[in-house]
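Here is a friendly tour of the pockets, the cavity and the ligand contacts in one protein model. Have the structure open as you read.

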Amino acid sequence: MIHYLDNAATTPVRPEAAAAAVEAMTEGWGNPSARYMLGSQAAARLKMWREDIAAGLNCAPEEVAFTSCGTESDNWAILGAVELGRRKGRHIITTAIEHAAVLEPCRALERRGCEVTYLQPGWDGNISPADVEKALRPDTVLVSMMLVNNELGTVLPVAQAARAIRDAGCPALLHCDAVQGFLKVPFTPKELGVDLLSISGHKIHAPKGIGALYIRKGLKLPPMIRGGGQENGLRSGTEPTAQIAAFAAAVRAGRASLAEDLAHMAQLKEYAADRLTQIVPGLRVLTEGGAPHILPITLPGYKSEVVVRFLGDRGICISSGSACHKGKPSHVYGALKLSKREQDGALRVSFSYDTSRADVDALADGLKTAAEQLFVSLS
Ligand code: PLP
């Protein structure tokens, strides 16, 4: 029996999404660019699927471009926005707690002569809007701020950042990595005031290999992948219709039960925080965060990779917060200034609509046993 509590890493594909993918592969498998009926039928369905994603974002279908994943969406938004603003300046603002999909393109741009300001989080793992305001310069061409942090579940002040940019009369575009926020916290790109926004299918029960970038109407983002001119010339490559069909089905299903699912996750998170701290000696919740699906915890004095393996051997899946990037300490916990013992013991528990109390109970029991047995074996 598997107890899957690592939904911020990826989610199981929901049945509606899997069925939509199979249908697109076995029946509607034409190339949407082809000029005969099989092609025009695929193009018509592609149009509908785009409308489904747009409905999930409450934006126009023309503002949605499909990509292969959240990482591609982030890279495209950042490199494209800086290219677009190259005559206005070369200064970028982002946060020290972004995903590598944002930090790495920023570092690549630094090597090409751009200047990047990395805003540091406070003790609560969040970014102060006042810090965005202070960092803005007349030559700032891009601000990139995530909506929900993937390790802590904190909800960042994206709308306030948009206001600060506007009030400063700054030419900067605003990009938001909403990969962990989509269908987890209510938002629309318009309400947030962003120009570009990234989402990814496999975090919302669609398969891996599909993402999207919201590009505000009127913004002339240069393409990153050039070729046959698909996606209105913005992102070439024959459209992966099966993945797109599944993505659209996952969005439709997710929207249909959104309020219920969010309440379920929030209740589970509260239950897990109480239960884990009650029965596992020394365990501490790192931050309450704002997102309902991520609970960051620490078991100080233990190595999180060892704990994750111990639980994994017993069918319980969570992730280690401290060593998820090729054994290097997480830059997010580093930025939070946790003690080394707290950082080493950091773990992430994450929920979805199909996580149950029984999964949380199994985790609590597993962690209690881990704390006892690993302590003995360490001492
Ligand atoms: N941004 C955030 C906040 C993420 O959590 C992830 C994945 O974990 C990504 C970007 C990358 O998305 P993908 O796995 O679709 O490339």
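The largest pocket has a volume of about 620 Å³. Among its 25 lining residues, E62, V64, E231, N232 and L234 come closest to the centre. Please keep in mind that this is a predicted model, in which local features need pLDDT of at least 70, side-chain atom pairs count only at pLDDT 80 or more, and totals for chains, interfaces and linings use all residues. Residues are numbered from 1 along each chain as its sequence is written, and side-chain values use heavy atoms, with hydrogens and water left out.

**How the spaces are defined**

- On a 1 Å grid over the protein atoms alone, a pocket is an open set of points with protein on both sides within 12 Å along at least five of seven lines, while a cavity is a set where a 1.4 Å probe fits but cannot get out; lining residues have an atom within 4 Å of a point.
- Grid points are joined across faces, edges and corners, and a volume is the space filled by probe spheres set on the points.

**The largest pocket**

- Helix 2 (37-57) and strand 2 (64-67) each give at least two residues to this lining; helices (H or I, at least four residues) and strands (E, at least two) are DSSP runs numbered from the N terminus.
- Helix 2 provides the largest share of the lining, with five residues.
- By class, the lining of the largest pocket holds 11 nonpolar, four polar and 10 charged residues; here Ala, Val, Leu, Ile, Met, Phe, Trp, Tyr, Cys and Pro count as nonpolar, Asp, Glu, Lys and Arg as charged, and the others, Gly among them, as polar.

**The second largest pocket**

- About 370 Å³ of space lies in the second largest pocket.
- Its lining has 24 residues, and A8, H99, N150, Q180 and K203 lie nearest the centre.
- Helix 3 (70-84) and strand 12 (319-320) are the elements that give two or more residues to this lining, and helix 3 has the largest share, three residues.
- The lining of the second largest pocket divides into eight nonpolar, 11 polar and five charged residues.

**The ligand**

- The ligand is surrounded by 13 residues, the closest being G70, T71, D177, S200 and K203; a residue counts as near if one of its heavy atoms lies within 4 Å.
- G70 places a backbone N or O atom 2.8 Å from an oxygen atom of the ligand.
- Polar side-chain atoms also lie by ligand oxygen atoms, at 2.6 Å for T71 and at 2.8 Å for H202.

**The cavity**

- There is one cavity of 30 Å³ or more, and the largest cavity holds about 120 Å³ of space.
- Of the 13 residues in its lining, R14, L183, H205, G254 and D261 lie nearest the centre.
- Helix 8 (241-256) and helix 9 (258-279) each give two or more residues to the cavity lining, with the largest share, four residues, coming from helix 9.
- Seven nonpolar, three polar and three charged residues make up the cavity lining.

**Charges over rings**

- The charged end of R14, a residue that also lines the cavity, sits over the ring of Y353 at 4.4 Å from its centre; this calls for NZ of Lys or CZ of Arg within 6 Å of the ring centre and within 35 degrees of the ring normal.
- R357 lies over the face of Y271, 4.0 Å from the ring centre.

Note on methods:
A polar contact is a pair of N or O atoms within 3.5 Å; within protein, one must be able to donate a hydrogen and the other to accept it, and residues adjacent in sequence count only if both atoms are side-chain atoms.
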